[in-house]
Structures are given as structure tokens and as C-alpha cells.
Amino acid sequence: MYPTTNRRLILVPLAVASLLLAACDPHPKEWKTPNMTALTPRLQPLFEKTKTVCFGRFMVDVPASATVAWGRAIVPLDVTIYHDGVEKVKGLAQKFVDELKSEKAIYLNNIPLLISVDDMRQPDGQIVTGYDGFEAIGMLKISGYFKLNNDGVIIDARPLEEQKDETIADIRSMARRLRQRADDEAPAEPGNCIEHFFLPDKQNPTQDDLMEHIRIGFRLKEFPDAHLSIYVAPSNPHNPEGDSLKTQWKRIKEDPATPEEKAALAKIEFFRESPRQIHDWKTGYEVLVRNPDEEHVHSYHDFQAKFTGVPHDPFRPYADIQFQTGVGGNAAGSAKASLTDEEAIAVWDKITSTIRVRPTRATTVKSADAGPRLPLGELAATGRTCPQTGWWAPDEDSGTKGGSRLHIKKGERMPHVVSQVAPSLWQTLKGEQPTHRRATVWRLVEHGDAPPPSADIAAANGSTDEQASPNQKG
């Protein structure tokens with residue numbers, strides 16, 4: 001996991017220090033336009049060899065000797081990677097199944113929490129669905145357990161009960177799109193880099209598909225107490241300023257702490273407070289300080305930059321970047337800082353200035369069906385937009401009226417499945433054949449852009465549906 005550190009006296013200490021300095025010069029030039037700090041002779045060998053690390057939709061250059069520590073990835077479902085951990089994931093799957101079997105849903109006539117275990121062949125694995133807790137009021141827990149070569153992968157979701165089919169389809173789609181990548185690989189197609197893997201984007205992803213949270217950290221081998229972490233997430237569309245470091249400072253300054261706390265916090269050494277821009281990220285603000293020695297705690301550097309981001313723009317998201325020295329046992333101040341003030345600032349400037357969007361090949365879309373075809377086996381639930389023109393079949397295929405396959409065009413709504421049910425005596429006398437419409441998960445089984453004429457699905461359904469009339473094929 002990426003380094004988690006003890007955030008002792010961070011924003012409040014900075015506020016007091018800034019007030020003291022502001023009394024001397026309320027608008028220091030270096031606050032507005034921080035200059036890049038040059039590397040000292042001791043740091044120059046550290047950056048002679050660097051490596052580019054891909055995280056999410058972004059890249060950063062760090063010393064070649066730095067250790068990469070991945071944190072939690074949500075893209076948009078929670079993905080956990082177990083490197084060389086196929087057996088570990090199998091054990092976790094069985095443990096989850098056993099737990100669901102052993103507990104009862106008290107508000108659902110004490111039925112077991114386990115709903116279903118669905119096997120999957122591409123990739124090899126299974127999807128386990130159960131009620132999320134013994135109260136089981138409309139919430140599910142769905143987890144996919146997969147083997148991808150020598151690695152184990154778990155994809156977790158907590159949907160509402162009515163979102164079950166759609167969520168299972170999303171888990172299947174993510175598992176099929178995931179592919180292993182070398183640690184130094186930066187793919188040239190749109191998508192997200194996560195630990196040991198790359199997840200290509202769907203065609204025409206929705207805003208829900210772009211709800212991405214990526215965490216990554218770096219530890220410097222030559223200065224093992226120095227840790228840098230990056231967290232990117234969707235910008236808050238309702239109140240982006242609520243995540244602003246500048247706004248947080250303003251709020252702290254207007255509500256000072258107790259006199260005793262002020263006296264202690266005034267010892268903090270302030271280096272920089274200023275707006276920060278990194279390439280096209282223009283909504284940043286950074287604060288760089290050094291906390292003082294305290295009883296049982298060493299002095300340490302504590303640098304932070306936050307970018308409020310642009311709502312609904314995955315290339316300019318919210319970002320929280322932190323750098324601390326004196327880290328030992330994941331707690332800042334547990335060790336003595338190995339970098340001087342000048343060196344800490346130089347490392348911060350050097351690494352953060354390289355954060356950038358990972359370049360990808362642009363695909364020119366000439367029509368609704370232009371671009372690469374999705375692979376056979378792609379899934380889409382009833383009600384979702386069809387991602388690929390072709391022949392689709394219900395994933396569970398229990399026999400639908402008029403044939404099990406439908407031709408559906410890209411951009412149309414995925415329809416309901418229509419099944420025949422046993423007629424009543426009166427319906428038999430009248431010669432009627434009743435049907436039942438239900439939501440399902442559709443699977444792409446054949447590509448094809450020019451289906452032969454046939455009855456449309458609206459006629460087959462015996463009722464109107466929310467999409468244009470795709471053809472059926474037996």
C-alpha cells in the first residue's frame with residue numbers, strides 16, 4: 001500500500017506560521033511564483049537515472065532506485081491485485097462463499113446471505129453475489145475472483161439489489177479487459193494503469209465509468225525516510241472549492257487555536273505557500289513546512305499540494321500530493337530527516353514537476369460504429385447503451401421467444417428478454433401464448449453490421465420497449 005503517515009499538526013501549524021510571516025510581508029513574491037530549487041551535489045546522482053511510472057491516466061518520473069508502493073484502485077469498481085497470488089484469491093473466494101452460506105438474512109425469512117456463484121471462463125474465475133449483511137435491506141455485495149496468468153485479481157462492488165445484473169456485467173467486462181503489463185510499460189491507448197495491470201477504457205465510457213480513484217506512493221532508496229504519495233480522484237462537481245487547500249488555510253486562519261497551541265505551532269518553519277500549476281493542472285495550491293522537534297518526535301518536512309480539478313474531466317481531476325521526511329514505521333517524525341531543507345524542496349520540485357497526462361493515440365470516430373471492434377464476450381445489461389453493433393445473446397440463455405439472439409446497433413438501448421410462460425386454460429382456449437419480460441445481461445456473440453431483414457424486437461416482445469427495433473436471429 002502507499003505510505004500512510006501520521007498527520008500531526010499539519011494545517012493548523014501551517015496557519016500559525018503563515019500568520020507570523022504575513023505580518024512582515026503579506027505578499028512575498030516567492031509565494032506567488034515559486035522557483036524550481038536546484039539539485040544539490042548530493043542529490044544529482046539520485047536523478048542521473050530515472051524511470052517513468054504510469055499511474056491511472058498519468059505519468060511521473062522518479063529516481064530509478066525508488067520503490068513504488070501502490071494503494072487502492074477504483075476504476076470504477078474496487079480492484080485488488082495479488083501478485084503471484086492465484087491460490088490466495090481462490091482461498092478468499094471460498095472463504096467469502098462459506099461466510100455467506102453460514103449467515104442468514106433475518107428480514108428475508110432467514111434465507112442464507114449467498115445468492116449465487118457464477119463461474120467464468122474468460123478469464124478463469126467466479127463471481128459471488130450475496131446480501132451485504134444479515135439485515136439485507138436492498139444492498140448486495142458482489143465480488144469477482146479471477147486468475148490472470150500467475151496473478152490473482154478481486155473486483156468488488158456494493159450495489160443496490162436492483163443493480164445486480166448491471167454490476168455483474170461491469171465486473172465481467174472489467175475482468176475481460178484487464179491485462180498484465182510490465183512495470184515500466186506506459187500503454188498508448190486510453191485507460192488506467194494500476195498495479196501490474198492495465199485496464200483499457202470501454203468504447204464511449206459514461207461518467208460513471210470515469211469515477212476513478214488511484215493511489216500510489218514512492219520511497220527513495222537513498223533516503224528511506226522520504227516518502228511521496230499521489231492520490232487522484234474525480235473533482236467535486238458540486239463544491240470543488242471545498243477541497244481547496246487555500247480555502248482550508250483561510251478557514252483555519254479565521255478560527256485560530258488556543259493560546260497554548262499557538263505558542264507551540266509558531267515554531268513551525270514555513271517555506272512556501274503559493275498557487276501551483278503542473279502542466280495543464282491550473283487549480284493547485286501548495287504549502288511547504290518543516291515541523292519542529294517535539295518530545296519523542298523528530299523534526300520533519302511536510303509538503304502538500306492539492307488540485308481542485310475540473311468536474312467531469314478525467315485528465316484534470318482532483319489531486320492530493322504529499323511529501324514527508326522523517327518517516328519510520330509509516331509515521332512522520334519517527335526517524336530523523338535525512339534531507340536538508342533545500343534538498344527536500346529540490347526533490348519535491350523535481351518530481352512533482354514531471355507529473356503529466358499519459359499520451360495516447362487518438363482515435364478518429366467517423367461514425368457510430370467506427371473504431372476498433374469490441375471483443376466477443378463483451379457484456380451489457382438491459383437498459384444500458386449498446387457498445388457494439390452485432391449479435392447479442394442473453395448471458396444465461398434460457399431460451400427466448402423468437403430465437404435467442406438479437407441484432408442490436410451501437411447506441412441503442414439493450415432490451416429486455418422475453419420468455420414464454422405456461423398459458424392458463426382460458427389463454428389456451430383463446431390460442432394465446434403469454435410471455436414474460438425481464439432484465440438480463442447480454443453477451444456479444446457475433447460481429448455483423450448488415451443483418452438480414454427480420455421481425456423486430458418490438459413485435460417479438462408483444463409490447464413496446466425503449467429502443468429502436470433490432471432484428472432477431474435464431
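Student: What makes H4 count as mostly covered?

Tutor: This is a predicted model. In it, 10 of the 14 residues of H4 are buried. Buried means under 20% relative accessible area.

Student: Which residues of H4 are buried?

Tutor: Among them are Thr167, Ile168, Ala169, Asp170 and Ile171. Arg172, Ser173, Met174, Ala175 and Arg177 are buried too.

Student: How do you know that the span of helix H4 agrees with its number of residues?

Tutor: Helix H4 covers residues 164–177, which is 14 residues. The expected span is 1.5 Å times one less than the number of residues. For H4 that gives 20 Å. The end C-alpha atoms are 20 Å apart, so the two values agree.

Student: Where is His196 found, and what is its phi?

Tutor: His196 lies in the loop between strand S12 (191–194) and strand S13 (197–200). Its phi is near 65 degrees, a positive value in a residue other than glycine.

Student: What is the phi of His296, and where is His296 found?

Tutor: Phi of His296 is near 70 degrees, again positive in a residue other than glycine. His296 sits in the loop between strand S17 (281–291) and strand S18 (300–307).

Student: How do you know whether Ile216 is buried or exposed?

Tutor: Its relative accessibility is 0%. Buried requires a value under 20%. Ile216 therefore counts as buried. This residue belongs to strand S14 (residues 213–219).

Student: What separates the C-alpha atoms of Ile216 and Leu228?

Tutor: A distance of 8.7 Å. Along the chain, Ile216 and Leu228 are 12 residues apart.

Student: What is omega for the cis peptide bond that joins Val75 and Pro76?

Tutor: Omega is about -5 degrees there. Pro76 is in the loop between strand S3 (67–74) and strand S4 (78–82).

Student: And what is omega for the peptide bond from Gln122 to Pro123?

Tutor: Omega is near -5 degrees, and the bond is cis. Pro123 is in the loop between strand S7 (114–120) and strand S8 (124–131).

Terms used
Residues numbered from 1 in each chain as written. Predicted model: local features only at pLDDT ≥ 70, side-chain atom pairs only at ≥ 80, totals over all residues. Heavy atoms only, no water. Helix = DSSP H or I, 4+ residues; strand = E, 2+ residues; numbered from the N terminus. Buried < 20%, exposed > 50% of the residue type's maximum accessible area, 1.4 Å probe, protein only.
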